[in-house]
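Trainee: Could you take me through the ligand site of this structure slowly, with the terms explained as they come up? I would like to see how the site connects to the parts around it.

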Amino acid sequence: MASPPDTSKTLKLERYNSYLRRLHSTKVINASSKYLFRAALLIALVVILFFTLNYPPFSGNNPNHAHLHHRNFLSASLFTSTAGGAAWEKQVRHSSTPKNPNGLSVLVTGAAGFVGSHCSIALRKRGDGVLGLDNFNSYYDPSLKRARQNLLLKNQVFIVEGDLNDAPLLTKLFDIVPFTHILHLAAQAGVRYAMQNPQSYVSSNIAGFVNLLEVAKTANPQPAIVWASSSSVYGLNSKVPFSESDRTDQPASLYAATKKAGEEIAHTYNHIYGLSLTGLRFFTVYGPWGRPDMAYFFFTKDILQGKPIDVYQTQDKKQVARDFTYIDDVVKGCLGALDTAEKSTGSGGKKKGPAQLRVYNLGNTSPVPVARLVSILEGLLSTKAKKHVIKMPRNGDVPYTHANVTLAFRDFGIQTFHRFSYWVEKIC
Ligand SMILES: O=C(O)[C@H]1O[C@H](OP(=O)(O)OP(=O)(O)OC[C@H]2O[C@@H](n3ccc(=O)[nH]c3=O)[C@H](O)[C@@H]2O)[C@H](O)[C@@H](O)[C@@H]1O
């Protein structure tokens with residue numbers, strides 16, 4: 001994805017920017033994939049720092065603070081035209097039409113989100129038609145979503161502003177466009193926030209998903225659907241690495257429970273209506289244009305501002321770890337799932353035969369302790385963190401995640417994922 005606007009607000013940023021410029025000027029970026037990756041990660045850091053320094057205070061524990069400081073630096077009128085009008089329909093059609101004659105026509109829900117924006121651009125770049133849908137809610141600062149929307153517009157992806165629960169809107173979109181696929185990424189994310197606002201998880205992750213499936217089942221042709229589940233469905237599973245066949249009946253958070261419910265709901269719609277459904281269990285995705293409610297993002301901001309950070313330990317004082325997964329690898333997985341999805345078999349709300357039903361892990365397969373993440377950030381920022389090491393509160397977190405990705409590699413033809421340690425060794 002393209003770099004965001006001006007990032008030169010501090011000495012540290014200038015250092016990274018000048019490093020990037022040096023890399024560009026000496027054409028090191030093109031020299032090898034090693035340096036390409038390194039540059040991408042530096043850009044990632046610069047983007048994180050840009051938003052860290054330029055966005056309103058955000059507490060990982062209080063995501064709702066974001067909307068108190070809501071600041072739309074881009075006028076909404078730049079992006080929206082009246083839903084249902086001729087100009088609007090033209091934009092919807094244009095955006096959804098593949099440039100490649102064999103391309104897909106994909107409705108991407110959550111297109112202004114972190115994973116949604118990356119996938120939309122990747123699909124459009126290879127010639128697929130992409131229409132975005134996003135409700136621009138204020139779980140975190142919507143101006144970040146507007147900035148991603150701006151980037152998508154530059155890549156000829158139009159985002160319809162609307163909610164998953166708006167059945168007439170979804171029906172209208174399917175009346176206008178015979179989508180071949182839905183990439184369903186819209187969701188209420190965040191594990192810990194579920195204790196503060198449980199209903200938002202039910203509304204987006206359950207009611208919204210069912211609404212989308214109801215519309216998809218009656219569409220003619222029925223689209224194939226790829227959607228975002230989560231590593232959190234493994235909950236208190238202690239068998240590592242986590243495999244798709246492991247038990248997922250012990251969710252530790254309401255968030256996880258709604259994603260698990262989504263997997264069961266997918267089974268039902270596949271069984272009754274012949275919808276082709278593929279669930280992808282994402283493992284703590286990180287990278288440029290990432291979510292400010294995630295630990296790597298608000299740790300960075302707090303370290304730079306000299307504020308203390310909570311570093312969790314397990315109840316028996318062991319390290320908490322996550323299988324942090326780089327965004328490009330998740331995009332690879334999403335596109336692989338779309339490309340290998342078989343057609344739905346039903347039509348007009350009636351099943352005509354058995355349809356594909358799949359679930360895959362998309363994780364890095366090398367868990368990193370949170371304490372290690374913090375020391376990496378300290379190195380990159382040349383600033384010592386004020387670490388407050390505490391026992392993980394009982395608020396939905398799990399002690400560790402670790403993906404077995406054999407199935408995704410086999411079925412999507414993936415050779416390798418970026419190793420977290422790789423970029424650490426190269427940059428630090
Ligand atoms: O992969 C997933 O299933 C989930 O990954 C993330 O959830 P999480 O892994 O909890 O990511 P972060 O909130 O960024 O936390 C990363 C690590 O930092 C730890 N942490 C978090 C917050 C904090 O103050 N201190 C702290 O040590 C967490 O326990 C966790 O081990 C996303 O937020 C979820 O939406 C997603 O579904």
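Mentor: A polar contact is a pair of N or O atoms within 3.5 Å; within protein, one of the two must be able to donate a hydrogen and the other to accept it, and residues adjacent in sequence count only if both atoms are side-chain atoms. The model is predicted, so local features need pLDDT of at least 70 and side-chain atom pairs count only at pLDDT 80 or more, while totals for chains, interfaces and linings use all residues. Residues are numbered from 1 along each chain as its sequence is written, and side-chain values use heavy atoms, with hydrogens and water left out.

With that in hand, a polar side-chain atom of Asp 397 lies 3.3 Å from an oxygen atom of the ligand. An N or O atom in the side chain of Ser 230 is 2.6 Å from a ligand oxygen, and a polar backbone atom of Ala 295 is 2.7 Å from an oxygen atom of the ligand. On its own the ligand has 710 Å² of accessible area, of which the protein covers 96% (Shrake-Rupley method, 1.4 Å probe; for residues, only the protein chains shown count as cover).

The ligand is surrounded by 23 residues, the closest being Arg 192, Ser 230, Tyr 255, Thr 284 and Asp 310; a residue is near a molecule or strand if one of its heavy atoms lies within 4 Å of it. By class, this shell has 13 nonpolar, 5 polar and 5 charged residues, where Ala, Val, Leu, Ile, Met, Phe, Trp, Tyr, Cys and Pro count as nonpolar, Asp, Glu, Lys and Arg as charged, and the others, Gly among them, as polar.

The elements that give two or more residues to the shell are α10 (295-304) and β8 (308-313); helices (H or I, at least four residues) and strands (E, at least two) are DSSP runs numbered from the N terminus. Of the 10 residues of α10, 8 are buried, so this helix is largely enclosed by the rest of the structure; buried means under 20% relative accessible area, exposed over 50%, and partly exposed in between, with a 1.4 Å probe and protein chains only. Among the buried residues of α10 are Tyr 296, Phe 297, Phe 298 and Phe 299, and α10 is followed by Gly 306, whose phi is positive, near 70°.

Returning to Ser 230, this residue is also one of those that Leu 280 touches, including Trp 227 and Phe 412, when residues up to four places away in sequence are not counted (contact means heavy atoms within 4.5 Å).
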